[in-house]
Amino acid sequence: MNIYVRYYDGEAVVSSFDDLVYSLKEFGVPENLFEEGLVDELYEYLNSKNMHPKRFRVSQRQYFILIKTTVATLEEFKANAKKKEAATESPYKNDKYGALQEFRPGWYDASLTFKRVIYSEMKGRFLYVDTPFRAKVKADCPLDSYNRIVEHLQNRQDVDPRSQFPSPKGRNFNYVFLGAEG
């Protein structure tokens with residue numbers, strides 16, 4: 001098992017405890033940390049079955065990170081990371097937002113849940129209450145239907161201007177395309 005180590009711009013893949021300590025010293029980790037028990041923590045992490053990355057504190061805002069890996073070189077590690085990144089990256093990275101902007105004129109059954117400001121007589125103050133709203137809207141795209149609903153709610157007399165509306169990309173806005181005409 002090898003270890004990937006990174007501290008600021010310094011990074012390496014090492015295969016032994018001695019190489020790890022040498023690399024950390026080369027990257028600029030202060031010598032006094034190795035006297036304060038850091039060596040024991042490093043040794044404990046290396047011998048544990050824990051496969052999760054671990055970061056170690058150098059100072060109040062400085063850390064170095066260790067990742068257990070099976071690769072032998074830094075180049076392999078970086079190539080492996082790029083492969084994982086490419087495999088997990090969806091071709092529809094902005095799928096929700098892309099779908100919201102897809103030009104498809106017609107009728108939408110759209111619903112959203114917004115935080116409505118309502119005065120509570122019992123508590124004597126204003127509260128934010130989840131309020132569902134649903135409407136059939138003629139629009140050019142789902143985002144257009146969202147904007148029309150929000151505009152309608154903002155112009156109503158019974159909706160306080162301090163009310164908060166959800167993001168169209170969030171789970172509090174849903175829509176169904178009903179058809180082009182109807």
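**Helix packing and the core**

Author: The axes of H1 and H3 approach within 11 Å and cross at roughly 135°. Axes are lines fitted to C-alpha atoms, for helices over the stretch in contact, with angles from 0 to 180 degrees between N-to-C directions. Helices (H or I, at least four residues) and strands (E, at least two) are DSSP runs, numbered from the N terminus. This is a predicted model, in which local features need pLDDT of at least 70 and side-chain atom pairs count only at pLDDT 80 or more, while totals for chains, interfaces and linings use all residues. Residues are numbered from 1 along each chain as its sequence is written, and side-chain values use heavy atoms, without hydrogens and water.

Reader: Which residues of H1 and H3 make the contact?

Author: Contact means heavy atoms within 4.5 Å. Phe17, Leu20 and Leu24 of H1 meet Val39, Leu42, Tyr43 and Leu46 of H3.

Reader: Which residues touch the most other members of the largest nonpolar core?

Author: Nonpolar side chains tend to be buried together in soluble globular proteins. A nonpolar core is a set of buried Ala, Val, Leu, Ile, Met, Phe, Trp, Tyr and Cys residues joined through side-chain atoms within 4.5 Å. Here the largest has 18 residues, of which Leu20, Leu24, Leu42, Phe64 and Leu66 touch the most other members. A second, separate core of 16 residues includes Phe133 and Leu143.

Reader: Is Tyr8 buried or exposed?

Author: Buried means under 20% relative accessible area, exposed over 50%, and partly exposed in between (1.4 Å probe, protein chains only). Tyr8 has 55% relative accessibility and therefore counts as exposed. Tyr8 lies in the loop between E1 and E2.
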